[in-house]
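Here is a short tour of one protein model. Keep the sequence and the 3D view open as you read.

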Amino acid sequence: MSLLMPSRRACLRALTAAFLCLGGTALMAQSTGAIAGMISDTTGGAIPGASIMATNQATGLKWSTISGGSGDYQIVALPTGPYQLEVQAPGFQTQVIKNLPVAVAQTTAQNIQLTVGQISETLTVDAAAPVVQTATMAVSQVVDQRTVQEIPLNGRHFVDLGLLLPGSVVQPQNGFLTAPLRGQGAFAFNTAGNREDTVNFMINGVNLNDMVQNQITFQPSINTVSEFKADNSTFSAEYGRNSGAIVNIATRSGSNQFHGEAFEFFRNEKLDAKNFFDNPSLPIPPFKRNQFGFSLGAPIWLGPGLNGKDRSFFFFSYEGLRQRQKVPFNTIVPTAAERAAVTDPVALQLLKFIPQANLPDSRFAGSGTAPVDINQWTLDISHRLNSNDTVHGYYANQHDLRQEPSLQGNNIPGFGDTRKSQRQIFTFGETHTFGPAVVNDFRFGLNRIFITFDPNARLNPAAFGINNGVNTDLGLPQINIQGSVNFGGPSGFPQGRADTVFVYSDTLSKLAGRHSLKFGGEVRRFHNNNFSRDTGVMVFTGFDKFEIGSANSYTMTQGGVFSGVRTAGIGFFAQDNYKAASNLTLELGVRWELNTTPAEVANRFVVFDPSSAKLLQLGNGLDEVYPNNYKQFGPRVGFAWDPFKDGKTSIRGGYGLFYDQPVTNTVSPLASNPPFGIPSAAIATSNTVVSLSDPLAGAGSAATSSPANISRDFRNDYVQSWNLNLQREIVKDLGVQIGYFGSKGTHLRMSWNMNQFVNSVRPYAGFSNINTIDSVGNSSYNGLWVSATKRLSRGVQFSTNYTWSHSIDYNSLNSQGVTAQDSFNRRNERGSSDFDARHHFNLSFLYDLPFKGNRLIEGWSLSGIVTSQSGNPVNVIVSGAARTGLATRRANVAGDWRLSNPDPVAWFNKSAFCAPGAAGCAGPPVFGNIGRNVVTGPGFNNVDFSVIKTTKISEAAHLQFRTEFFDLFNHPNFGQPGRIVGAKNFGIIESTRFPPGDSGSARQIQFALKVLF
């Protein structure tokens, strides 16, 4: 099956051919940096024809150019690191600038004034790293190598560096990609009002996202990261594919010096404080983590007399993780009286899986086993072919094995899943210099993931008397007793997928007078193969219903589901950074993107057609599941103005329009529809029941097909972003920024139920819920960002920021199902985003203590991260799906829910809410009158702190010992309260925001030892 229908195949081929002929890029070639500026005399007059030589101080590699007629120059595609810049012109002294930093995906502005004299005379100065950005409208932050390596990161996950950016927020507890995976950390972050799956991660200029859900494929070891840079507002036209932040990761490379390190980080529960929700009479659940590895970089030996110095380099690294953890559960379980009241024969058999209470208030405290094993190795090779050509290659391979006991809400021991995966990325780049003003940068890359998920409890439901069509050791249905236990499943398991992304790109950079031009393009191809089985999800509104085996709903996809999804993307851009004056740069660009409609290799996509009330199969009455959009043009305009012409003040503003490529989980569920799968839903009504023993047949006519669906009018979403900000260097080495930042999202992905009950009748007879993915959502964001950055001087370096913002949307996660209480009134869902936090403060710092003397008292340094954030919203809903088909209705407000002193036992006044239509509940009888996300949950306050002692062993070797304290003051950061009216845990907080071992859960201490040489 072709990726595109015949009418579009020729167009794609022509575009691809044009790209390969012309060259260009959008996403790529940004693991490097650039130096640009103006060469002038002491009166400010331009000096054309000056010779500029840039030398990488670590590798000895050299790049040269000459200044143009207006004195302007630029050197692009430079590997990151410190440089020496040498400038010569007849009649002037030679000037040498040392230690000029070149950061990843950033242009270092360096204007140079030459003094009249002999060219043989040399003036040497040390560069001062700029704290004010005068070269671009893009709002970004670079985290340098020392900060990356030495700041205390819980779990050593580099994605957490994204939380240091102005505009970023600590993720909510209900995040999907942002929820930290045990031992692997979060795979995304929320910044500048953008959804979690709109972040574009790039390593060495090549995309590192998995297009199934747009998460980062894996977290490169902190040990291999040279620099981390993120643009989170109005980035230039060379970037596309996503509307959120652009994260550039430059990997460490070898140098002329033989260097490396070996390390181990060690954690043990004996060093930790108890989690707030641990059973006080029991010891802390076991937790042991060992992260260990080594790295080595050097010139490549090419033969006798050819040691690779100034030419060829390698960098190899290995890191392993062994984590053994018991995950605590603190769950409301049935009382002895409730257990004795169970009469249903199936429920009696399942009762043995539900532990008895061992704490007051009918609570069970226990733990589940959660081991994690990870092995990751990387190889980086760079080689200078000649003065005009440089090549760079990078390969990373990770194997991981993880067991998760609390997947999808499982909250008693014995369930969850085990997942095994292999993750790989390969990048290759070639940079060619055509002359002093023209440079071309080509990139090829691929990233691949193969992962399987297998239930821990492989049980046969038929052996327990459950007739759901499964008669093998696949697993029990996932049983959710609202406000109490959740066990069985996990639903949708076992499952697995194999994904591969291929990327080709090219950028042509040209300096033409005052115009710094870039032209480029990119072609992406994505292959996604999936399989899954299902045992279903059964929901009970309370334990009293479980006692008699009467469920509220049961959903299940019968039979196995298999799909092979293929899609592609193309982008072209043109960008001009025009220096309208010596102190004013205008940034003008445009980008065109084509994100093709996904296809399925065997035409297994099936959608619901509202006009005929029938299911249509791809290739049989259906040409494509939604139309291609060829009109995706994204302008980028902005300016950077230095009003005092001293490089210490910058007024910047910008506007950009950005498109998101839809992820393939938008369409992959379509392969589960008949005849390839049978998605079924049984909803209990006043006339029907959903029995535990026969959940589908027992519901009679209510057990009808519930097809996955996507709107035929689905469109790619887009986000408009704008800002106006002021930067100023207050004193030497210290810069501040204040600015307004805004965005508006249009056609955002949102699911709604096309077959919601209307006056107790389904619009489409013979079908149950028809949950439809559509592009009917929108969002808005407005924020004030204030930040200060101090570059390293006198042993002190810090970055701090405060954000006052409000993010509003209809829904906040692309990956979630239907959340609207009324699918036919989606505007009523407008409210604060799930990740909205009105106030966020962050400080990160490094401080070298000024002790001098012997080895014992010198070499001490401190580092830390301080975070304080207001609470995220809570959406209060009621149980039961009988009125609309889904349990998404909100509550009615019966009073003031606010408490003067909220605590985990009662976060809000529970009596202030009631269920619409219930006896004595004033207000609308069906849809609640409380708005979406109007209640505010707990905030987040955390301090991570590190003490580092570096001891010199020899001139080339050092020993470093570290003690790191996570949640230094043992402040419990609470999770969200129960939000279902009438549930046992309504208004009660039962866990910390993140699980034990992760950020802010309880004080944890980590020791580390490094040998550096």
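Two strands pair if DSSP finds at least two bridges between them. Keep that rule in mind for the sheets below. The model is predicted.

Now look at one pair in it. Strand β2 covers residues 51-56 and pairs with β3 in the antiparallel sense. Five bridges hold this pairing on record. Opposite Ile52 stands Thr65 in β3. In a regular strand, side chains alternate between the two faces of the sheet.

## A sheet of three strands

Another open sheet has the order β37-β38-β39. It has three strands, with mixed pairing. Here β37 and β39 are at the edges. Each has a single partner strand, so one side of each lacks a neighbour in the sheet.

Start with β37 (residues 606-609) and β38 (residues 614-618). These strands run antiparallel and are joined by four bridges. Val606 has Gln617 in β38 as its bridge partner. The hairpin of β37 and β38 has four residues between the strands. In this hairpin, Ala613 takes a positive phi near 55°.

Next comes β39 (residues 621-622), which pairs with β38 in the parallel sense over two bridges. Gln617 has Gly621 as its bridge partner in β39. Leu618 stands opposite Leu622 in β39.

## Nonpolar cores

Which residues have the most contacts inside the largest nonpolar core? They are Leu350, Ile354, Ile479, Phe487, Phe540, Phe546 and Leu692. This core has 33 residues. Five elements are listed as giving two or more residues to it: α4 (345-350), β27 (478-481), β31 (537-540), α5 (543-547) and β33 (553-558). The most comes from α4, with three residues.

Zoom in on Ile479. Leaving out residues up to four places away in sequence, Ile479 touches Leu350, Val485, Asn486, Phe487, Met538, Phe540, Phe546 and Leu692. There is also a second, separate core of 29 residues. Among its members are Leu163, Ile203, Phe218 and Ile425.

## A buried histidine

Find His392 in strand β24 (residues 389-404). Is His392 buried or exposed? The cut-off for buried is under 20% relative accessible area. His392 has 18% relative accessibility, so His392 counts as buried.

The side chain of His392 makes a polar contact with the side chain of Asp380, at 2.8 Å. Asp380 is also one of the residues that His392 touches, not counting those up to four places away in sequence.

## The disulfide

How many disulfides does a search of the whole structure find? The search finds one. A disulfide is a covalent bond between the sulfur atoms of two cysteines. Here the bond joins Cys914 to Cys921, with 2.0 Å from S to S.

The link of Cys914 and Cys921 is right-handed, with 65° about the S-S bond. Both Cys914 and Cys921 are buried.

Conventions: Residues numbered from 1 in each chain as written. Predicted model: local features only at pLDDT ≥ 70, side-chain atom pairs only at ≥ 80, totals over all residues. Heavy atoms only, no water. Core = buried A, V, L, I, M, F, W, Y, C linked by side-chain atoms within 4.5 Å. Buried < 20%, exposed > 50% of the residue type's maximum accessible area, 1.4 Å probe, protein only. Contact = heavy atoms within 4.5 Å. Disulfide = S-S within 2.5 Å. Polar contact = N/O pair within 3.5 Å; in protein donor to acceptor, adjacent residues only side chain to side chain.
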